[in-house]
Amino acid sequence: MNKSEIQSEILNKAELRELFTDDLNQIQKEAVLHENGPLLILAGAGSGKTRVITYRIAYLVKFCNIWPSEILAITFTNKAANEMKERVEQLLGFNSRGIWIGTFHSMMLRILRQHADRIGFEANFTILNTDDQQRLIKEIMTELKINDDLLNLRYVQNRISSAKNQMQTWQELEQESGYDNLHKQIVEIYRLYQAALKRGNSMDFDDILVYAVELLQQNADVLDAYQTRFKHILVDEYQDTNHVQYLLVKLLSGKYKNVCVVGDDDQSIYSFRGANIENILNFEKDFKDSKVIKLEQNYRSTQTILAAANSVIKQNAGRKSKRLWTEKVKGDPINFYLAENQYEEARYVATEIRRLTKRGKDPIPAGNIGILYRVNALSRNLEFALREQGIKYNIYGGLRFYDRKEIRDFLAYLRVIFSDNDELAIARIINVPRRGIGDLTIERSRNIAHRENLPLMQVLANADQFPELSRTANNIRQFVQIIAELRTIMLDNQISFPEFARIIQEKSGLLQELIEQKEGGQEQAISRIENLQEILSDTIEFTERTKQEIEQFKLLDENFDQAEVPGLAQDNMDIYCQDLSLYSLMKGFLEQTALFSDLDQEEAENTVRLMAIHSAKGLEFDAVFLIGMEEGLFPGYRSFETPEQMEEERRLAYVGITRARRFLHMTATRSRLLYGQTKYNLVSRFMSEIPDEYIREIGGSRQSNFDNKFGAGNFGGDDSGVRVFGGSYSGTSIPDKSSYSNHSPGGKSKILGSFGLRDKQQANLNKNTKLNLSDISIGQSFKHKKFGIGIIEKIDYVASDAILTLNFNGRIKRMMASSAPLEKN
DNA sequence: GAGGAAGCCATTTTT
DNA sequence: TGGCTTCCTC
């Protein structure tokens, strides 16, 4: 959107309408102007949905006598929320502060803080992040002495989380099925976990939504207040909402029914974390008399790219009917490159990127190029090749800033200084850096705290009074001393928050430890020190922002009659920080870091961006590289189990393809070294779903795996792929032999055997396969070193491998034939 | 309680 | 392959 076009301060209503007409197509306009009643906007990829939402908000305020504070707009991420705020402000031409724009979590948290007492919490309850959550669950499991191979931490965490997403309490989960021992154990962990959270006056992320629903369901007055206040509710990315979120939308919109949801069922890619595609598919049933508007004109991609995306996604059943179209040019064909191995694939990507950025006419800026992949592990090979070509890049995803150890440690110090009773935080840092206080001491101190009903910090402060702690009392005193000093500084309130943060890093010894590691030659320490500095700038930024926020609220206060503006008086109460004291700032900062995984990270300046396809949702690039288009990788081997999962993979492919504006490259390899194993994957089925006319093949046919019976041509003896590669990319050397170390001639001939597998389902020539595929059959029994005797119930053939579903005396396990430690019984 | 060796296991991610 | 956990020894 052109900023200068929208100097809305000087626009009267007629002119604004004019502007609407200019900027929106007929259908978008219809969506914006719809006033009352439920509205479903099915917005295809690149159809301008963000524009529609922001215009709609502006329209409601400007033309429909709706106060900003009567609007609730829900986004998928905090980043999206900030962008939306900015764009709405541009349109409105005045402060849009009163509008509640944010994620479900941040908005519901705001509500919960106001009414915490109604659900049995103190108003200053704390939020557990994923890490805290894991530690707590682990503690409980250790206490229960659970060491079952099937009950690993992640699995339990997932089960609890999905129960919560379904609004299932542990009691309800318990009733679900009675006799399964595994199930019982999960229920028991869930029960103890909830009890521990409650005891600590804390909740996890999922709880925020669960408790919000409870609050509204059980308190008619509270529900009525919010229903009355929020005359309009807008929800973005509705296809990725889960059941609890659905309930919240339903509850909050109960009075006026002015709920507008925007989404695209074809882009639903988060079912693994409880997103329910049915929410969007059933919207018309759930909300009576709803209007449906389809945005089908794509403003992003060339015809070729869009046609390819359409032909892939149309393989899915059960979609809302829609057909994206574009007025854009036909554009370049999609390049498919079949590489020998992952090194070549990476080098192809790097060379092509260089070519795009350096081309004479109309070069593509690096910042407009994205490399997307199904699994983060694929980014590693690319890094090397990109560096080799001197291409600047940024990797998104993987370990996030706030998940880093040193950052978590620092935040834990903040929490410990802030509160006496944050047991998880204390346990985390009491021995960081090393102070000679081990697990046993922590455990004992905790027991004392629970026994004596004292905050843990006070037990530590009086360590010498408890005989159990006498051995380490000296070390504990050292720790208590540090915290006490820091706390005094906080209460004295004489220095700024950033200064204080720096002092914490020094006094705690965190910084010193890293400096010593750096001097000892440990490379990682350098970036860790940088991260600690980075968080200092976060505190500076946070202080500034808070200052502004408080001022803006003052301004609102002076200009408006509190009684007149719905919600103003209330909102004034619940801003993060009431003042700029250290205490207040710390409180606000901790709250933010709990919810904001990436304090809307600065967009890196003009660098190529690497990320998992999931993270690319909502983004677009002039040129996109989709790498690793291989069966077993994308679609991932786990998705072979059910048609639903396969459809989600296909939606993911659709999302990936539709990120591209002009150029799209898709790549696969003949042999891929991943997780320490070389695999010979078939080219992804998604490639075959794109008609020939849109594709230009380089280095090999994408169809070869499917129609080539005996490996003639592309898998023949010569390395034609390499020649094309080496020949057509000037400036690149032909890949040296070392690139091929994983690809022996023997390996090649073995690929041949896997061709017919899809049809015959029995060839077995893959050297990785421990079990002979042609020998196994349903009903056979095998011996597993851990689980004992198991019987094969199901065999799913995948590429040159197979997923076996085995029944070990009632326990169902799935394993890959190639790697499962099974012996014939 | 610390540190090293051995074993284990690998999606996707936001809040 | 490599990052993380657990087990074992000092």
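Trainee: How many bridges join S6 to S7, and do the two strands run parallel or antiparallel?

Mentor: In this predicted model, S6 and S7 run parallel and are joined by three bridges. To read such a pairing residue by residue, take one position and look across: the bridge partner of Leu234 in S7 is Cys260. Between the two strands the chain passes from S6 through helix H12 (residues 243–252) to S7, and this β-α-β crossover is right-handed.

Trainee: Which strand pairs with S6 in the parallel sense over four bridges?

Mentor: That partner is strand S2 (residues 71–75), which pairs with S6 in the parallel sense over four bridges. Here Leu72 stands opposite Ile233 in S6.

Trainee: Are the side chains on the two faces of strand S6 buried or exposed?

Mentor: Both faces of strand S6 (residues 232–235) are covered, with His232 and Leu234 buried on one side and Ile233 and Val235 buried on the other.

Trainee: Turning to the open sheet of seven strands, in what order do they lie?

Mentor: Reading across, the order is S11-S12-S10-S13-S14-S9-S17, and the pairing is parallel. Strand S11 (393–395) and strand S17 (695–698) each have a single partner strand and stand at the edges, so one side of each is left without a neighbour in the sheet. From one strand to the next, the twist averages 20°.

Trainee: Which residue in S17 is the bridge partner of Ile334?

Mentor: The partner of Ile334 is Ile695, and strand S9 (residues 334–339) pairs with S17 over four bridges in the parallel sense. Two helices can then be placed against the sheet. Helix H17 (residues 379–388) packs on the sheet and touches strand S10 (369–373), S11 and strand S12 (608–612), while its direction makes about 165° with that of S11. Helix H28 (residues 643–657) also packs on the sheet, where it touches S10, strand S13 (621–626) and strand S14 (660–669), and its direction makes about 130° with that of S14.

Trainee: How many salt bridges does a search of the whole structure find?

Mentor: The general idea is that side chains of opposite charge can pair when their charged atoms come close. A search of the whole structure finds 48 salt bridges. One of them joins the side chains of Lys291 and Glu30 at 3.2 Å, N to O. This pair links distant parts of the chain, as Lys291 is in strand S8 (residues 291–295) and Glu30 in helix H2 (residues 26–33), 261 residues apart. Lys291 is partly exposed, with a relative accessible area of 29%, and Glu30 is partly exposed as well, at 37%.

Trainee: Are Asp264 and Lys322 buried or exposed?

Mentor: Asp264 and Lys322 are both buried, and their side chains meet in a salt bridge (2.9 Å, N to O). Asp264 lies in the loop between strand S7 (259–263) and helix H13 (278–281), and Lys322 in the loop between helix H15 (303–313) and S9, so the pair ties together parts that are 58 residues apart in sequence.

Trainee: Where do Lys507 and Glu485 lie?

Mentor: Lys507 lies in helix H23 (residues 497–507) and Glu485 in helix H22 (residues 473–492). Their side chains meet in a salt bridge at 2.7 Å, N to O. Lys507 is partly exposed, with a relative accessible area of 39%, and Glu485 is partly exposed, with 29%.

Trainee: Which residues are linked in a network of salt bridges?

Mentor: The network of salt bridges links Lys49, Asp236, Glu237, Asp240 and Lys617.

Note on methods: Residues numbered from 1 in each chain as written. Chains lettered and ligands numbered in written order. Predicted model: local features only at pLDDT ≥ 70, side-chain atom pairs only at ≥ 80, totals over all residues. Heavy atoms only, no water. Pairing = 2+ DSSP bridges. Axes fitted to C-alpha atoms, helices over the stretch in contact; angles between N-to-C directions. Contact = heavy atoms within 4.5 Å. Salt bridge = Lys/Arg side-chain N within 4 Å of Asp/Glu carboxyl O. Buried < 20%, exposed > 50% of the residue type's maximum accessible area, 1.4 Å probe, protein only. Right-handed = clockwise from strand over helix to strand, strands pointing away.
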